[in-house]
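This briefing concerns the structure shown below.

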Amino acid sequence: MRFMQTVSGQGVVAIACIPGNWDMKQEKSEFENSVGYKVSSRCPRKIETQNLTPVPEFHLMGFSDDPELESVLFGLLLSMYLVTVFGNLFIILAVWSNSHRHTPMYFFLSNLSFTDICFISTMVPKVIIDVQTHNRVISYVGCLTQMSLFIMFACMDSMILTVMAYDWFVATCHLLNYPVIMNSRLCVFLVLLSFVVSFLEVQLHILVAMQITNFKNVEIANFFCDPSQVLDLSCTNTFVNNIFKYFIATVYGFFPISGIFFSYYKIVYSILRIPSSGRKYKAFSTCGSHLPVVCLYFGTGLGVYVGSAVSHSPRNSAMASAMYTVVTPLLNPFIYSLRNRDITSALWRICNRII
C-alpha cells in the first residue's frame, strides 16, 4: 500500500480527506502534529508515480472523546473481554475433560469457542490499550496484520456456525443415520475446510489491498482496521473495490446464512411433525435461542461490510461493528452452554475444582 504526498520546501503535505460529517477536527489537528504533515480534503486528480511514498500509519476512530466516558468504556470493554475469554475457555475445558462429550456437536462447539476467543482478541485488547493511553494510531504493518487476523477468524466464525446448523439438521432430520453421516473424518474435514476457506478470503483481501497505490485518507472510520473501511480509503479502482466487496459478501456471507436458514427451515418442518408438545417446545426453545445470535452476527457484519461505501455515520458503523465483534462472542457461551445441562454441570464441577 502507498500514499501520495508532495514535497515542498516547507515540508510534506499529505493528500487525504476527512468525511464532512465526521466531527473530529481536534483529533485531526493532533494527528497532523504527531505525524508531521497536513491533511487535504480531496484525492489528487493526477497521480504521479515518483511522488508516492509508503504510508507510515493510520489513525483509528474512538468511541468517545469524553475522559469520564472513556474510563467507563475501559472498564466495560475489559470486563466483557474477560467474560468472553474465560466463558469460552470453560466450554473448551468442559468438552475435552470428558470423553462422553467427544461428539460432533461438542466438537464444533469447542472450535466455535476457540475461534471466538481469537476473534475478539484481534481487536479488543488494542482498543482497551488505546482508551487507556489515548493513542489511536496503528502502524501500516500492524493494520495489515490486524485486518488479516480479523478476516480469518470472522470467516471461521461464520463457517463453523454454518457447519453447526448442518449438524443440527442431520441430528433432527436424519437421526438414525446421524452416526454414519457425521463421522469423525467428516467433522475434522469440515473444520479444516472452514480454515482453508477463511485463509483464502484473507489472501483475496490482502491481494486487493496491496493494489491500492494511494489513499484519500489516513483516518479509518472504525475502532479497528476494518477491511471494508481500508478498501474505501483508496483513491483509485473504487468501482472494482466495491464489486469485490459485494462478491465477498455474497460468497462468504449470503451463502452461509442461506445454508443456515435452509437447515433451520428443515429442522422446524421436522419439529412440527413431532406429536409431543413438550418435545416441540424444547426444540423450538433451542432454535429460538440460536437464531437471534446468528442474525445479529451476520446482519450487523454484512451491514457494516457492504454499507461502508454508502454509510455517512462512522459512529453508527462503529457501534454496529461492536455488536458482532464484541457482543456476539460474549453471548455465545451463554447461549450454547447455559441452556445445555451437560455443559452447565461440567462447568460447575470445573469451578469447584478450581476453588
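**Helix H7 and its cap**

Asn 183 caps the N-terminal end of helix H7, with a side-chain oxygen 3.1 Å from the backbone nitrogen of Arg 185. The model is predicted.

- Helix H7 covers residues 184-209, 26 residues in total.
- From the first C-alpha of H7 to the last, the distance is 38 Å, close to the 38 Å expected at 1.5 Å a residue.
- The buried residues of H7 include Cys 187, Leu 190, Val 191, Ser 194, Ser 198, Glu 201, Val 202 and His 205.
- Val 208 and Ala 209 of H7 are buried as well.
- An α-helix has 3.6 residues a turn, so residues three or four places apart point the same way.

**The three-stranded sheet**

- An open sheet is formed by three strands in the order E6-E5-E7, with mixed pairing.
- Its edge strands, E6 (137-139) and E7 (219-220), each pair on one side only.
- Strand E5 (residues 57-60) runs parallel to E7, and two bridges join them.
- His 59 has Glu 219 in E7 as its bridge partner.
- Helix H5 (residues 140-173) lies across E5, E6 and E7, and runs at about 85° to E6.

**The chain as a whole**

- The protein chain contains 12 helices and seven strands.
- It has 355 residues, of which 50% count as buried.
- Considering contacts between residues at least 6 apart in sequence, 78% join residues at least 24 apart.

Conventions. Residues are numbered from 1 along each chain as its sequence is written. This is a predicted model: local features need pLDDT of at least 70, side-chain atom pairs count only at pLDDT 80 or more; totals for chains, interfaces and linings use all residues. Side-chain values use heavy atoms; hydrogens and water are left out. Two strands pair if DSSP finds at least two bridges between them. Helices (H or I, at least four residues) and strands (E, at least two) are DSSP runs, numbered from the N terminus. Contact means heavy atoms within 4.5 Å. Axes are lines fitted to C-alpha atoms, for helices over the stretch in contact, and angles run from 0 to 180 degrees between N-to-C directions. The expected span of a helix is 1.5 Å times one less than its number of residues. Buried means under 20% relative accessible area, exposed over 50%, partly exposed in between (1.4 Å probe, protein chains only). A polar contact is a pair of N or O atoms within 3.5 Å; within protein, one must be able to donate a hydrogen and the other to accept it, and residues adjacent in sequence count only if both atoms are side-chain atoms.
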